[in-house]
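Biologist: I would like to learn how to read a structure feature by feature, beginning with the aromatic rings. Could you take me through them slowly?

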Amino acid sequence: MSTLPPEFADLEPFAGWAIPTERARYAKRLATTMDELQAFYDAALSRMEEASTYLEQFDVNDLPEDAKRLLWLYCALVTVSFPVEVWRQPKVPDSGSTSLDAAVEPAV
């Protein structure tokens, strides 16, 4: 069963990244290998422009469920971008046990 819009069926193997909260996306990032992060990053980044164009056709407060999951998938791309592009590791370097939690998240 497809969980993303049909136009993005190629991203379906990464639908597990369509996570609604920042905290849960961060936890998944920490539990994921760099090879898996890189594969997700490469696949999602290659379709980012099309995804943005697709999502812009909807009011953010009235997204269909499959479009909402696509938006969350791209929120996850933001979550993995620094580990892939800069740090080459899932965890923030030299951060020890430090953590930062969002007090309020967008209601999407």
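Biologist: Which residues do ring pairs link into a cluster?

Modeller: This is a predicted model, and in it ring pairs link Phe-8, Tyr-54 and Phe-58 into a cluster. A pair of aromatic rings is described by the distance of the centres and the angle of the planes. By that rule the count comes to four aromatic pairs.

Biologist: How are the planes of Trp-17 and Phe-40 arranged?

Modeller: The ring centres of Trp-17 and Phe-40 are 4.9 Å apart and their planes stand at 5°, so this pair is stacked. Trp-17 belongs to the segment before H1 while Phe-40 is in helix H2, so the pair ties together parts that are 23 residues apart in sequence. Both Trp-17 and Phe-40 are buried. For Tyr-54 and Phe-58, the centres are 5.5 Å apart and the planes are at 70°, so that pair is edge-to-face. Tyr-54 counts as buried, with 13% relative accessibility, whereas Phe-58 is partly exposed, at 24%.

Biologist: Which residue lies over the face of Trp-17?

Modeller: That residue is Lys-28, which lies over the face of Trp-17 at 4.9 Å from the ring centre.

Biologist: Let us turn to charges. How many salt bridges does a search of the whole structure find?

Modeller: Side chains of opposite charge can pair when their charged atoms come close. Here the search of the whole structure finds three salt bridges. In one of them, the side chains of Arg-47 and Asp-10 meet at 2.5 Å, taken from N to O. Arg-47 lies in the loop between helix H2 (34-46) and helix H3 (48-55), and Asp-10 in the segment before helix H1 (22-30), so the pair ties together parts that are 37 residues apart in sequence.

Biologist: What can be said about the salt bridge of Lys-68 and Glu-65?

Modeller: Their side chains meet at 3.5 Å, N to O, and the two residues are three apart in helix H4 (residues 65-87), which means that about one helical turn separates them. Lys-68 counts as buried, at 19% relative accessibility, and Glu-65 is partly exposed, at 46%. Elsewhere, salt bridges that share partners join Asp-10, Arg-47 and Glu-50 into one network.

Biologist: What does the protein chain look like as a whole?

Modeller: The protein chain has four helices and zero strands, and buried residues make up 35% of its 108 residues. Among its contacts with a separation of 6 or more, 75% are between residues 24 or more positions apart.

Methods:
Residues numbered from 1 in each chain as written. Predicted model: local features only at pLDDT ≥ 70, side-chain atom pairs only at ≥ 80, totals over all residues. Heavy atoms only, no water. Buried < 20%, exposed > 50% of the residue type's maximum accessible area, 1.4 Å probe, protein only. Contact = heavy atoms within 4.5 Å. Salt bridge = Lys/Arg side-chain N within 4 Å of Asp/Glu carboxyl O. Phe/Tyr/Trp six-rings, centres within 6.5 Å; stacked < 30°, edge-to-face > 60°. Lys NZ or Arg CZ within 6 Å of the ring centre and 35° of its normal.
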